[in-house]
Amino acid sequence: MGGIVLKWIDDYLTGRTQRVKIDDEMSDEIPCDCGVPQGSVLGPLLFIIYINDINLNLNFVCLNLFADDTMIYIEGENYDDTVNKLNKDLQSLTIWFQLNKLKLNTDKSMCLFITNSAIKKKNILNNSTVKIMLDGTELAISETVKYLGVKIDYRLHFNEHIMYTAAKISKKTGYLMRISKFLSKWCKTVIYNTIIAPHYDYCASIYLGANKKDIKVLQKLQNKSMRCILKFDRYAHTKDMLQQLNWLSVEQKIVLKAMVFIHNVVTKHCINEVFESLLIQNHEIHNYNTRTSMNYHMFIQNNKGGQKSLFCNGIKMYNSLPGNLKTLQPNAFKQALQELLMNEGIKL
């Protein structure tokens, strides 16, 4: 980039001032020599460009960036060794923030230790002398952290996230029910699809390994919305209401989202290096010409959580789909699978 475009960006960023107003008092203007204009259209893009080199000095951790949300993660067999590596990269991050004149908010920084054993976690944390440090502050290890609207618990059960989502859905369903007598069926359906349904759909594939009891909580809330829209009594059967509205149940939505995600990875319409490494067809492992040689290999999982996960149960479901369905492009695949779910259904 150069010439007129570079001059335009330079003129946009330089020569700006800032001041503060408290009640009726206004401070003097001072020059603003860093940052981007708040509330501008270019601001978010320029900020992303500005922090794009944040990972260049990281040697051990992986980093995910989404706007101004930053998540780093590391895996390892030995806790102390893993935390030592993490601390080295956290120190590099601290230096990067200082050099780039950015404020590192340790109060909003959280740490999560993921393990499938609560006893193992307790023993490690109690016996380890290694602490996770960020900018001179020790980070406490939380039971749950919230990232991009998803509550992630240390065992990846997502039950807390489901309850969190259910609370939001319940509140909005209550609003809909209070005004329902003034609205037509069409209007109530539009409101549901606009402000309630997205809560069911957001990151729904993570529910694939969730407890069925938690999924039932979401289904009861969907039933309440359907009774409100259709003016049915509380004895109406879920299947009948779904057919009337031509909707998928909560369980079916989860399957749809999970299968669409796997299909997008398989067809290279979604780049996910972690999942791609786990999607290996049987014929790549052995040379036997069996009828399942084109299926994706299911890795052995020793715990129930792993067996119900997207990496195991999700691949098992995808393998069971009709062969002609898996050859379709993503949009056509989603539509065809939705019809299949409505007609036949696939259980979690």
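This report walks through the fold, the nonpolar core, the salt bridges and the surface patches of the chain above.

Some ground rules come before the details. The model is predicted, so local features need pLDDT of at least 70 and side-chain atom pairs count only at pLDDT 80 or more, while totals for chains, interfaces and linings use all residues. Residues are numbered from 1 along each chain as its sequence is written, and side-chain values use heavy atoms, with hydrogens and water left out.

**Overall layout**

The chain has 13 helices and 12 strands. Helices here are DSSP runs of H or I with at least four residues, strands are E runs of at least two, and both are numbered from the N terminus. The C-alpha trace spans about 65 × 60 × 50 Å along its principal axes. Of the 348 residues in the chain, 36% are buried. For the record, buried means under 20% relative accessible area, exposed means over 50%, and partly exposed is in between, with a 1.4 Å probe and protein chains only.

**The nonpolar core**

As background, nonpolar side chains tend to be buried together in soluble globular proteins. A nonpolar core is taken here as a set of buried Ala, Val, Leu, Ile, Met, Phe, Trp, Tyr and Cys residues joined through side-chain atoms within 4.5 Å. The largest one has 48 residues, and those with the most contacts inside it are Tyr200, Tyr207, Leu218, Met259, Leu321, Phe333 and Leu337. Which helix gives the largest share of the core? That would be H9, with 9 residues.

Leu176 sits in helix H5 and counts as buried at 2% relative accessibility. Leu176 and Leu321 are 145 residues apart along the chain, and their C-alpha atoms are separated by 37 Å.

**Two salt bridges**

Side chains of opposite charge can pair when their charged atoms come close. The rule used is a side-chain nitrogen of Lys or Arg within 4 Å of a carboxyl oxygen of Asp or Glu. By that rule the count comes to 2 salt bridges.

One of them joins Asp81 and Lys85, with the closest N and O atoms 3.5 Å apart. The two residues are 4 apart in helix H3 (residues 79-99), so about one helical turn separates them. Asp81 is partly exposed at 39% relative accessible area, and Lys85 is partly exposed too, at 30%.

The other bridge pairs Lys253 with Asp201, where the closest N and O atoms are 3.4 Å apart. Lys253 lies in helix H9 and Asp201 in helix H6, so this pair ties together parts that are 52 residues apart in sequence. Is Lys253 buried or exposed? Lys253 is buried, with a relative accessible area of 15%, whereas Asp201 counts as partly exposed at 24%.

**Surface patches**

Patches are made of residues with over 30% relative accessible area and no salt bridge; like charges are joined within 9 Å, and nonpolar side chains (Val, Leu, Ile, Met, Phe, Trp, Tyr) within 5 Å. Lys and Arg count as positive and Asp and Glu as negative, with His and the chain ends not counted. The place of a charge is NZ of Lys, CZ of Arg, CG of Asp or CD of Glu. Accessible areas come from the Shrake-Rupley method with a 1.4 Å probe, and for residues only the protein chains shown count as cover.

Lys212, Lys216, Lys220 and Lys308 gather in a patch of positive charge on the surface. Lys220 and Tyr296 are 76 residues apart in sequence, with 34 Å between their C-alpha atoms.

There is also a nonpolar patch on the surface: Phe66, Leu148 and Tyr202 have about 290 Å² of accessible area together. Phe66 belongs to strand S5 (residues 62-66).

Here are some exposed residues:

| Residue | Relative accessible area |
|---|---|
| Lys216 | 57% |
| Lys220 | 61% |
| Phe66 | 52% |
| Asp23 | 67% |

**Positive phi**

Asp23 has a phi near 60°, a positive value in a residue other than glycine. Asp23 lies in the loop between strand S2 (21-22) and strand S3 (25-26). Leu156 is not a glycine either, yet its phi is positive at about 60°. Leu156 lies in the loop between strand S12 (150-153) and H5, and counts as partly exposed at 42% relative accessibility.
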